[in-house]
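Subject: Structure handover

Hi,

Here is the structure for you to look over. My notes on what turned up follow below it.

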Amino acid sequence: ALKNALDYVNRSIQAATGPKARVGAAPDIDNAEFPYELLNGIAVKGEVLNALYALDPTRQNLENAMAIFENGLKLLNRLRRIHRAKGQRHQLGATAQSMSQQAVAAAYEMYQLTDDEQYIEWAFRFAETSKGSILSDALRDLEARRVAGVPEEILREEQNLKINCAFYDEAIYFELKKGPF
């Protein structure tokens, strides 16, 4: 079933990049005809590749997952810079968080498989992308509240609480990833 899912995801990536584009592990994000659809396709492909790795834990399956996440995060960062509409930012934030968590899990698995510290650096970079997304969304929301006249003291407290929540959410994720005590 996962092979079929991968085939369908590759078709959606092909549709988003154009008929002559290369789909492989690193779709052509520079010339995507439909970048949001491409980003969604990349996110789903990463999830499918992680699931394939869970069923068939080969290094190649994990490398494929990491390559697609790396590509997706590049596209995500590019879209963040050029798209400013509220709905687009919200969609990008949700995709960033989901994709980053999947990417961190893949990088951590690769570290466990190889004992190569570069994958810890990858995991850290992917985690920073997730935190950056959460913080960016929170700061935009706080700015809107400041403009609306909410007292500065309440805004500062809310900002600190959101930062703490993001930190603890990530810490919980990593603790759960470690498995049972």
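The structure holds five salt bridges. The cut-off is a side-chain nitrogen of Lys or Arg within 4 Å of a carboxyl oxygen of Asp or Glu. Before the details, two points on the source. This is a predicted model, in which local features need pLDDT of at least 70 and side-chain atom pairs count only at pLDDT 80 or more, while totals for chains, interfaces and linings use all residues. Residues are numbered from 1 along each chain as its sequence is written, and side-chain values use heavy atoms, with hydrogens and water left out.

Salt bridges

Helices here are DSSP runs (H or I, at least four residues), numbered from the N terminus. Arg78 is partly exposed, at 28% relative accessibility. Asp30 is exposed, at 55%. The cut-offs are under 20% relative accessible area for buried, over 50% for exposed and partly exposed in between (1.4 Å probe, protein chains only).

Glu70 pairs with Arg125 at 3.1 Å, closest N to O. That bridge also spans distant parts of the chain: Glu70 in helix α3, Arg125 in helix α5, 55 residues apart. Glu70 is buried at 19%; Arg125 is partly exposed at 36%.

Arg59 and Glu63 meet at 2.8 Å, N to O. Both sit in helix α3, and because they are four residues apart, about one helical turn separates them. Arg59 is partly exposed at 41%, and so is Glu63 at 29%.

Also in helix α3

Asn61 is in this helix. It is buried, at 12% relative accessibility. Leaving out residues up to four places away in sequence, Asn61 touches Leu49, Leu52, Tyr53 and Asp56. Contact means heavy atoms within 4.5 Å.

Core

The largest nonpolar core has 37 residues. Such a core is a set of buried Ala, Val, Leu, Ile, Met, Phe, Trp, Tyr and Cys residues joined through side-chain atoms within 4.5 Å. Leu38, Leu39, Ile42, Leu75 and Met99 touch the most other members. Elements giving two or more residues to this core are α1 (2-17), α2 (35-55), α3 (59-82), α4 (86-114) and α5 (118-147). Beyond four places in sequence, the contacts of Leu38 include Ile13, Ala16, Pro27, Ile29 and Leu75.

Best wishes
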